[in-house]
Amino acid sequence: MVNIPEELKYADSHEWVALDDDIATIGISDHAQAELTDIVFVEVPELGATFQAGDQIAVVESVKAAGDIYAPVSGTVVEVNGDLESDPGLINTEPYEAGWIYKVRISDAAELENLMNAEAYQGHVG
Amino acid sequence: MPMDAELLRRSPLDSLHRELGARCLPFAGWEMPIQYAGIMEEHRAVREAVGIFDISHMGELVASGPEVLPWLDRVLSNRASALAVGEGQYSLLLNEEGGIIDDLIVYRLSEEEVLLVVNASMEAEDFRWLSLQATTGVRLENRSALYAGMAVQGPRASALYEKTTGCQLPSRLGARAEESGVVCRTGYTGEDGFEWFCPVGEGAAWFERFLDKGKSLGIQPCGLGARDSLRLEVCYPLNGSDLSLERTPLEAGLGWAVSWEKGHFIGRERLAEQKALGPPERLVALRMTGKSPPPRSGYEVFSGEVRVGTLTSGTLSPSLGVGIAMAYLPTLEAKVGRPFEIEIRGRRFPAEVVKKPFYHRES
């Protein structure tokens with residue numbers, strides 16, 4: 001059973017977004033980590049980098065394949081998850097908690113309207 | 001090139017794979033299980049216990065007749081005539097330029113009959129090429145559609161075979177035709193194990209039987225993802241990636257599968273020239289020396305600012321926890337310990353040439 005927390009927003013490219021004021025924490029969904037399986041390397045964005053929604057921002061690699069992560073919202077990277085360097089499998093085991101990838105100060109809150117709620121995302125992944 | 005899903009061939013075990021929760025993807029014209037529980041877990045099962053792979057996509061050609069062994073000596077690189085009944089041998093199918101059409105295993109099943117197990121993507125081409133070379137006293141049949149195949153690999157594979165059939169495996173590289181199939185003590189993982197070829201209609205029942213009997217031995221159904229990481233750890237080449245028509249056995253480090261004593265064979269002249277001069281490039285093993293993303297096929301290799309090669313295979317080794325790869329590099333630079341850099345998404349990461357294989361069973 002795929003875990004899709006109610007309180008999060010989702011991009012169709014399978015990133016999740018948790019909002020705290022103007023800071024968005026971003027990771028990949030349980031569905032996405034299950035598709036990738038066995039994550040062995042994560043290339044996180046650089047601190048201070050600015051991205052537009054839809055930009056390729058990080059890479060998550062399994063033994064077999066590399067998966068691009070896209071920015072679900074525009075903004076400036078204010079924190080990255082350093083624990084992923086030593087333990088990239090956190091994305092597999094705790095995709096919504098310890099497996100978060102980066103935090104961004106969002107530059108356009110209106111973009112959040114483009115994201116799906118849990119119910120819509122459930123429909124998206126079938 | 002994307003392939004229409006309807007054109008993909010399905011394994012006779014396809015329904016069983018789906019029941020077992022496999023993720024299936026296109027592979028060499030087939031839709032095959034890439035993984036079940038995950039590549040790491042499946043890889044570990046094969047290294048530590050036992051795993052079972054569907055290899056029904058592999059091709060099975062049967063050559064028979066009184067002239068079959070001398071004929072094979074002329075059309076393959078290795079010396080088939082050295083095989084006793086019940087023995088198997090790794091060999092290469094070369095073109096006149098010494099380029100590798102395919103790598104395969106020859107099993108001598110009886111006095112005048114051999115089984116050739118060939119790569120899935122090359123089955124039709126191998127059969128076409130061999131048919132062109134056919135001669136009086138040799139009959140060649142493509143029986144690929146008649147066989148299901150499975151590879152049972154790992155330190156407990158031999159015990160599983162005995163438990164399932166009550167018989168012992170043939171000795172290493174050996175093969176035996178049984179009433180219900182052909183068992184060959186070969187594999188593609190660097191572990192002990194066997195490959196079992198049986199009529200397509202009985203394939204799923206055998207796969208389930210091995211799984212059932214293997215429960216107490218820690219068996220894991222495995223997909224082609226783990227097969228790839230396992231074979232790369234022991235530097236077994238993959239045709240289409242590490243081997244191609246543009247490469248000779250000498251460049252690929254497979255000179256041991258070329259028999260010079262047997263006289264003429266297709267491609268010999270070109271290989272003899274290359275042997276005299278030394279191959280310009282060699283397939284080497286590269287190991288990442290620092291923290292890096294996994295190296296993958298197609299990434300470029302640099303010596304200083306000079307691009308010296310391209311990775312033909314690469315992955316993060318599940319057994320060793322480091323990136324491993326193979327690439328053709330200029331012979332003069334292809335020395336153990338020599339440092340290089342591998343470019344991954346615009347950044348360069350250090351690597352060095354290491355002795356093959358990356359992984360030894362005892363380690």
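Colleague: How do the residues of the lining of the second largest pocket divide into nonpolar, polar and charged?
Modeller: This is a predicted model. In it, the second largest pocket has a volume of about 440 Å³ and a lining of 23 residues. By class, that lining divides into 12 nonpolar, 4 polar and 7 charged.

Colleague: Which element supplies the largest share of the lining of the second largest pocket?
Modeller: The elements that each give at least two lining residues are β4 (39-43), β6 (56-62) and α2 (83-86) of chain A, together with β20 (347-354) of chain B. The residues nearest the pocket centre are V42(A), E43(A), V44(A), P45(A) and R347(B). The largest share, 4 residues, comes from β6(A).

Colleague: Does chain B agree with a compact globule or depart from it, and what is its radius of gyration?
Modeller: The C-alpha trace of chain B spans about 60 × 50 × 45 Å along its principal axes. For 363 residues, a compact globule would have a radius of gyration near 21 Å. Chain B agrees with this, because its own value is 20 Å.

Colleague: What percentage of the residues in chain B is buried?
Modeller: The secondary structure of chain B consists of 8 helices and 20 strands. Its accessible surface is about 15,000 Å², with 51% belonging to carbon and sulfur atoms. Buried here means under 20% relative accessible area. Of the 363 residues in chain B, the buried part is 58%.

Colleague: Which peptide bond to P357(B) is cis?
Modeller: Most peptide bonds are trans. P357(B) is placed in the segment after β20 of chain B. With omega near -10°, the cis bond runs from K356(B) to P357(B).

Colleague: Is H14(A) buried, partly exposed or exposed?
Modeller: H14(A) sits in the loop between β1 (9-10) and β2 (15-20) of chain A. Its phi is positive, about 80°, although H14(A) is not a glycine. The cut-off for buried is under 20% relative accessible area, and exposed means over 50%. H14(A) has a relative accessible area of 21%, so H14(A) is partly exposed.

Colleague: What is phi of A28(B)?
Modeller: Most residues other than glycine have a negative phi. A28(B) belongs to the loop between β2 (23-27) and β3 (30-35) of chain B, and A28(B) is partly exposed, with a relative accessible area of 35%. As a residue other than glycine, A28(B) has a positive phi, near 50°.

How values were computed: Residues are numbered from 1 along each chain as its sequence is written. Chains are lettered from A and ligands numbered from 1 in the order in which they are written. This is a predicted model: local features need pLDDT of at least 70, side-chain atom pairs count only at pLDDT 80 or more; totals for chains, interfaces and linings use all residues. Side-chain values use heavy atoms; hydrogens and water are left out. On a 1 Å grid over the protein atoms alone, a cavity is a set of points where a 1.4 Å probe fits but cannot get out, and a pocket is an open set with protein on both sides within 12 Å along at least five of seven lines; lining residues have an atom within 4 Å of a point. Grid points are joined across faces, edges and corners, and a volume is the space filled by probe spheres set on the points. Ala, Val, Leu, Ile, Met, Phe, Trp, Tyr, Cys and Pro count as nonpolar, Asp, Glu, Lys and Arg as charged, and the others, Gly among them, as polar. The radius of gyration is taken over C-alpha atoms; the globule rule is 2.2 Å times the number of residues to the power 0.38. Buried means under 20% relative accessible area, exposed over 50%, partly exposed in between (1.4 Å probe, protein chains only). Accessible areas come from the Shrake-Rupley method with a 1.4 Å probe; for residues, only the protein chains shown count as cover.
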